[in-house]
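Here is a friendly tour of one protein model. Please have a look at the sequence and the fold before reading on.

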Amino acid sequence: MIYTVTFNPSLDYILSVKDFQMGRTNRTRQEQLLPGGKGINVSTVLTNLGIENTALGFTAGFSGEEIRRRVEALGVRSDFIPLEEGYSRINVKLKDFDGTEINGRGPDIPGEQLEKLLDQLNQLAEGDGLVLAGSIPESLPDSIYRDILERLKGRDILTAVDATGELLVKVLPYRPFLVKPNNHELGEIFGERLSRREDVAPCARKLQEMGARNVLVSMAGEGAVLLDEEGAVHALPAPEGKLVNAVGAGDSMVAGFLAGWLQKKDYEHAFRMGIAAGSASAFSENLAEKQDVERVYRQLGETR
C-alpha cells in the first residue's frame, strides 16, 4: 500500500477568463473545481493507474468536507483527519495565464491532531510506500518531513519526497527512495540557473551525495532527467503534444514513476512512466487516466 500525505490540501478553482483586465470586472468563460494538493494529485493518478493507495492529511471546515467528497468521488481512498477550527484553503488559478494563481494559507494544525497523523504513519509496514508532497502550513516546523522519516527509518518503507528548499534538503540524510525537484527548485538549492537537460546532472548528483537514492528532475517543456541509484543518467525531451493544463503534471510524474517501479523494478521503465504520466496530465483537462499514460508511453518508444 502506498500512502500519500497532503498537509495543506485545497479546493482548486480553475478559471478561464477572456481578455482579463486588471481593475475591471471580468467574467469567466470556463470553470473547474477540483480537489488539490500534491499528495492528493499523486493519489489520484496512482488510482487511475490501478495502484492501491490511501490519501492522508488534514481537512477543515466546509471546504475540507468538499475536498473529502470530491476525492472520494474520484475513487481515491482517503483517511483525512478533520480539524475543528479554520477551513481548508481555496486556490484560484487563472488557466489562461500559466503559473498565475492565488493560493490560500490553510488552517493551523494543533499538536494533538499532528500526533494523530503520526500515529497513522506508525502503522506502515515493510513494503509500504509513503509520499510526502507539497507545502506545509505555517504552524508546522520545516523539519516535519525529516521528523517523519526519522520515525520510519529502518523499516524498509519506500519513501518519496516532492518538496522545496529546507523541506527537501533536511530529508536527504534519511536516504529517501525518490526526490523530485523541478529544475528551478534544484537550481535554487545550489544557487545555479538550470535551463538545459545537460545542466541538471551535476546538481542532481549532489543531492545523491547528500543521501537521495534516485533524483528525478522535471523540466516542463524540456523533458526530464533521472539519476538512478545504480549510477545511470536517463534523459528525455518532452513528448509532443498541446499543453492544456500544467497543474498537477509534476505530481503525475511522481505517481507514474512509482507505478512503473512497482510494475517492473526497472529504472528506465519507471522513468518513462513518469514522463508519460506527467505529460498525459499536461495534455488533459484533468489528471491523466491510464489510457492517456499508455498512449504517451508508446509515443516515447521502446529504445533504451
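## A buried lysine

Leaving aside its neighbours within four places in sequence, which residues is Lys-180 in contact with? With contact meaning heavy atoms within 4.5 Å, they are Val-161, Asp-162, Glu-185, Leu-216, Ser-218, Gly-250, Met-253 and Val-254. This is a predicted model, in which local features need pLDDT of at least 70, side-chain atom pairs count only at pLDDT 80 or more, and totals for chains, interfaces and linings use all residues. Residues are numbered from 1 along each chain as its sequence is written, and side-chain values use heavy atoms, with hydrogens and water left out.

Lys-180 sits in the loop between β11 (178-179) and α6 (183-190); helices (H or I, at least four residues) and strands (E, at least two) are DSSP runs, numbered from the N terminus. Lys-180 is buried but has no salt bridge. Buried means under 20% relative accessible area, with a 1.4 Å probe and protein chains only, while a salt bridge needs a side-chain nitrogen of Lys or Arg within 4 Å of a carboxyl oxygen of Asp or Glu. Asp-162, the nearest side chain of opposite charge, is 4.4 Å away.

## Two nonpolar cores

A nonpolar core is a set of buried Ala, Val, Leu, Ile, Met, Phe, Trp, Tyr and Cys residues joined through side-chain atoms within 4.5 Å. The largest has 43 residues, and Phe-7, Leu-130, Tyr-145 and Ile-148 have the most contacts inside it. Helix α4 (residues 144-152) gives the most to this core, five residues. A second, separate core of 36 residues includes Val-42, Ala-133, Phe-257 and Tyr-297.

## Helix α2

Among the buried residues of α2 are Ser-63, Glu-66 and Arg-68. Gly-75, with a positive phi near 90°, follows α2.

Methods
Buried means under 20% relative accessible area, exposed over 50%, partly exposed in between (1.4 Å probe, protein chains only). Lys and Arg count as positive and Asp and Glu as negative; His and the chain ends are not counted.
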